[in-house]
Amino acid sequence: GAWNWLGSGIRLSNDNHRENFKASEEGGLVRGRWGDGPTRLMVQLASQGEKSGLPGGMTLNDFNANPRISYKLQDSGKIQTDQMLLSVQSVLNDWQWAVDVNRRLKQIDSDYVADSYKTRNKNRTSRVGLRAWHDIEGPKSSQRFLVGLDYEDWDQDRDNVSSIVQGSRAVYARYESLLKEWQAKYFVGARNSSFTRVASGQVNGSVQDSSTSWETGVSKMIWNSHEVFFKMGSSYRLPNADEFMCYSIYDMCPAVVVNILRAQTSRDAEFGFKFKTKGTDLSARYYRHQLRDEIAMAADYSSNTNLDPTLRQGLELEIRHPLNQRVQLRSTFTQRKSEFAEGPYAGKKIPFSPDQTLTGRATYRVDEQQQLSLAGNWVGEQKISGDYNNSCSEQIPSFSTWDARYMRDSNNWAFSAT
């Protein structure tokens with residue numbers, strides 16, 4: 001087979017809305033794909049650098065007097081991220097298998113001139129995933145049995161003073177079946193995860209845990225154009241290296257660093273329907289997540305924490321409609337409710353959780369080689385970070401963003417500009 005290559009680059013600059021808040025971003029990506037029959041190979045290299053001024057905080061009176069003001073005109077920060085990904089997929093007898101290897105290096109440097117200190121945070125993450133699946137095709141049913149292993153290790157060096165290392169392992173299995181006569185699908189799966197985290201340096205300690213999560217679901221076609229579905233289960237999510245970022249040597253972290261973040265667990269349920277007629281696709285789904293130890297930004301704006309039990313539920317509506325042969329329209333609206341379920345803030349809204357969001361996209365195909373698209377995104381009001389008691393009268397106001405994109409295919413090359 002032949003190699004197919006994709007290259008992309010990005011360069012952004014923004015003055016933002018405050019003094020000492022100029023930001024820039026540069027990055028590039030190279031991806032190669034190769035295939036020969038059932039064997040496929042993909043390799044990807046990516047690098048991204050970000051720089052920004054750090055204007056610091058302000059009071060409401062400061063904002064009303066001069067919304068651009070900063071008392072820290074020389075503070076700055078930069079982030080460098082480099083990543084490598086290798087993926088292989090092939091066939092062995094009646095089984096298909098795949099291996100994914102990912103390595104990421106990330107360094108965050110901050111220079112707080114006004115307070116006379118600097119910080120450096122280095123993260124290194126390695127992931128290996130192995131999975132295999134077997135398909136059985138019969139006259140009355142189609143079945144798939146999948147098994148897999150996931151390995152992830154990351155370490156974090158904080159200013160050469162303290163370090164944290166976390167290693168996790170997971171084994172999982174999933175069974176899927178399509179009953180052709182009934183036009184029904186169902187699946188069931190389970191995953192066992194375990195991890196160990198060790199801190200050394202300024203604060204020593206270790207913690208380990210394990211959990212088994214599960215999921216099951218069913219869907220049924222009705223009248224060949226309607227589909228109803230339902231699924232439920234549980235989940236178990238570990239904090240990653242970025243979420244664990246905190247600077248204990250500046251008294252911004254709890255005394256026992258290794259226990260600063262616990263694994264997040266959830267009980268989940270979802271049901272909905274899909275409908276298709278004359279080229280128009282409609283779907284609606286209701287979801288409900290009952291979370292414990294949800295990982296979220298802490299009130300100090302500079303670290304993450306585990307929240308008291310929370311409840312997130314909502315209704316999502318999506319429509320896709322071809323206006324004509326050249327124009328495609330797509331829109332999604334979500335109405336959600338995010339609140340604390342237990343503890344001193346029971347019934348209060350969770351910060352950074354808008355009640356409504358709306359997205360839309362229009363795509364116009366100029367000809368076989370050219371395409372234009374316009375996308376809009378609207379986000380409703382949100383409680384500010386740390387306002388767990390919902391006592392602050394000020395909120396993050398609603399906002400909208402717009403993106404335009406041009407794409408062109410020419411002689412096995414694809415170009416795009418956004």
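Predicted model: local features only at pLDDT ≥ 70, side-chain atom pairs only at ≥ 80, totals over all residues.
Local features were taken only at pLDDT of at least 70 and side-chain atom pairs only at pLDDT 80 or more, whereas totals for chains, interfaces and linings use all residues. Residues are numbered from 1 along each chain as its sequence is written, and side-chain values use heavy atoms, with hydrogens and water left out.

A nonpolar patch on the surface is formed by Leu179, Trp182, Tyr186, Trp214, Val218, Phe230, Met232 and Phe271, which together have about 790 Å² of accessible area (Shrake-Rupley method, 1.4 Å probe, with only the protein chains shown counting as cover for residues). Membership of such a patch requires over 30% relative accessible area and no salt bridge, with nonpolar side chains (Val, Leu, Ile, Met, Phe, Trp, Tyr) joined within 5 Å and, for patches of charge, like charges within 9 Å; a salt bridge is a side-chain nitrogen of Lys or Arg within 4 Å of a carboxyl oxygen of Asp or Glu. Strand 10 (205-222) and strand 11 (226-237) each supply at least two residues of the patch, strands being DSSP runs of E of at least two residues, numbered from the N terminus. Trp182 is found in the loop between strand 8 (162-179) and strand 9 (184-200), and is exposed at a relative accessible area of 59% (buried, under 20%; exposed, over 50%; partly exposed, in between).

The structure holds eight aromatic pairs (ring centres within 6.5 Å, using the six-membered ring of Trp; planes under 30 degrees apart are stacked, over 60 edge-to-face and the rest tilted). Among them, Trp95 and Phe145 have ring centres 6.4 Å apart and planes at 80 degrees, so the pair is edge-to-face; it links strand 5 (residues 95-112) to strand 7 (residues 141-158) across 50 residues. Phe271 and Tyr286 form a tilted pair, at 5.5 Å centre to centre and 45 degrees between the planes, and join strand 12 (residues 264-277) to strand 13 (residues 280-292). Phe271 is partly exposed at 46% relative accessibility, as is Tyr286 at 27%.

Charged groups also lie over rings (NZ of Lys or CZ of Arg within 6 Å of the ring centre and within 35 degrees of the ring normal): Arg174 is placed over the face of Phe187 at 4.1 Å from the ring centre, and the charged end of Lys274 over the ring of Phe229 at 5.7 Å.

Asn377, in strand 19 (residues 370-379), is partly exposed at 27% relative accessibility. Leaving aside residues up to four places away in sequence, Asn377 touches Leu358, Thr359, Phe399, Ser400 and Thr401 (heavy atoms within 4.5 Å).

How values were computed. Helix = DSSP H or I, 4+ residues; strand = E, 2+ residues; numbered from the N terminus. Buried < 20%, exposed > 50% of the residue type's maximum accessible area, 1.4 Å probe, protein only.
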